Amino acid sequence: IVCPLDVLKTRLQVSTLSDSTYMSTVESLKKIARSEGVRGLYRGLGPTVAALLPNWGVYFTTYGYLKHVFRERRKRNADLRNRQHRRESGSEATSSSFDSENSDRESSASGSNQHHHQQQHGNDTLAHIVSAGGAGAATILATNPLWVAKTRLQVQYSETLSSSLVGHARAPYKGTLDALRRIARCEGIPGLYSGLAPSLMGISHVAIQFPIYERLKHELAQFRNLRSADELTAADLALSSGVAKIIASTLTYPHEVLRSHMHVKGYGPFSGALTLAADIYREGGAKAFYRGVGTNLLRTTPAAAITFTSFELISRELNAVAKIMGDSSSS
């Protein structure tokens, strides 16, 4: 559904500000359809679909695992503190001083609880950021070659942009496998991992998106007087994920522009990233790093809302089934 917007976003990213070929979203899509047919609107769909399973499979698996690690570690630390507190309380309390100590404890209880709540929230946020960052890095390493192939397939048939494609004099790529095979043969591993540097910079995207998403779910659950975020409706989940995606995408969008340029020109994983960024800025200033941001938000916001909402709802059902099976086996 959103592939045509992805094609347009990529072409906007690698075009120059003086290029008037791709202007408004609707007119640009019409122009692509007229010159390349409907098929032109779906360039790069193959590697996009091929990347879906490893992309979200690796991401959500790693994210969930890291969150579990942090949660178990926090639980062990809390149990250790409680045991230590009970030992200290038992050794210090005496019959002569019990009343005064009890009064002191009661007067400081509310302050201690509030401090503990704030500390726990801070730990949760840090855990979400680290989990999202680790999951992002694992996903990038697993899928980067497919995104290089996707970008080149989306650009190679554009009359105004194909000349910037590395090896553009050669025959166009026939498809995903042909692109991956030829990139590996002609450019090696560096070619398959072109744009790795800005992609790793883009980990900040998920490190912003996921904590905001988790926080919005928590706030919505409190606002609706629910026991936990697991009781939120699909609309609540879509709202939380959509808002989080908009904020994260807008703040971190420049890395996508830099990444697309490196994919197209075959810069390799790290070489030339700073020079390319300086060239883009010199050509169009800060505005050049936001080419296609509106089209990108039109594409990614509903996609993120659908993905995250589906993930949450399916996870609930799977957990419910697992609990039923566990109860039946224990009985």
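Predicted model: local features only at pLDDT ≥ 70, side-chain atom pairs only at ≥ 80, totals over all residues.

Pro54 lies in helix α3, which covers residues 45–92. Once its neighbours within four places in sequence are set aside, Pro54 is in contact with Tyr59 and Thr143. Ile140 stands 86 residues from Pro54 in sequence, yet the C-alpha atoms of the two are 9.9 Å apart in space.

When contacts are taken between residues at least 6 apart in sequence, 78% of them join residues at least 24 apart.

Two helix pairs show how the packing is arranged elsewhere. Helix α7 (residues 203–223) packs with helix α8 (residues 234–252) at an angle of about 150 degrees, and their axes are 8 Å apart. Because an angle over 145 degrees counts as roughly antiparallel, α7 is placed in that class relative to α8. The crossing of α7 past α8 is right-handed, and sorted by class the contact has twelve nonpolar, seven polar and three charged residues.

Helix α8 itself can be checked for length: its 19 residues, at 1.5 Å a residue, should span 27 Å, which agrees with the 27 Å between its end C-alpha atoms. The buried residues of α8 include Leu237, Ala244 and Ala248, but also Asp236 and Lys245, and the buried residues of this helix pack against α7, α9 and α11 (293–330).

Helix α9 (residues 254–265) in turn packs with helix α1 (residues 3–14) at about 85 degrees, with the two axes 9 Å apart, and α1 and α9 are therefore roughly perpendicular to each other. On the α1 side the contact is made by Lys9, Thr10, Gln13 and Val14, and on the α9 side by Glu256, Val257, Ser260, His261 and Val264. By class, three of the residues in this contact are nonpolar, four are polar and two are charged.

Definitions and conventions:
Residues numbered from 1 in each chain as written. Heavy atoms only, no water. Axes fitted to C-alpha atoms, helices over the stretch in contact; angles between N-to-C directions. Helix = DSSP H or I, 4+ residues; strand = E, 2+ residues; numbered from the N terminus. Parallel < 35°, antiparallel > 145°, perpendicular 65-115°, else oblique. Left-handed = near helix turned anticlockwise from the far one by under 90°. Nonpolar A, V, L, I, M, F, W, Y, C, P; charged D, E, K, R; others polar. Contact = heavy atoms within 4.5 Å. Expected span 1.5 Å × (residues − 1). Buried < 20%, exposed > 50% of the residue type's maximum accessible area, 1.4 Å probe, protein only.
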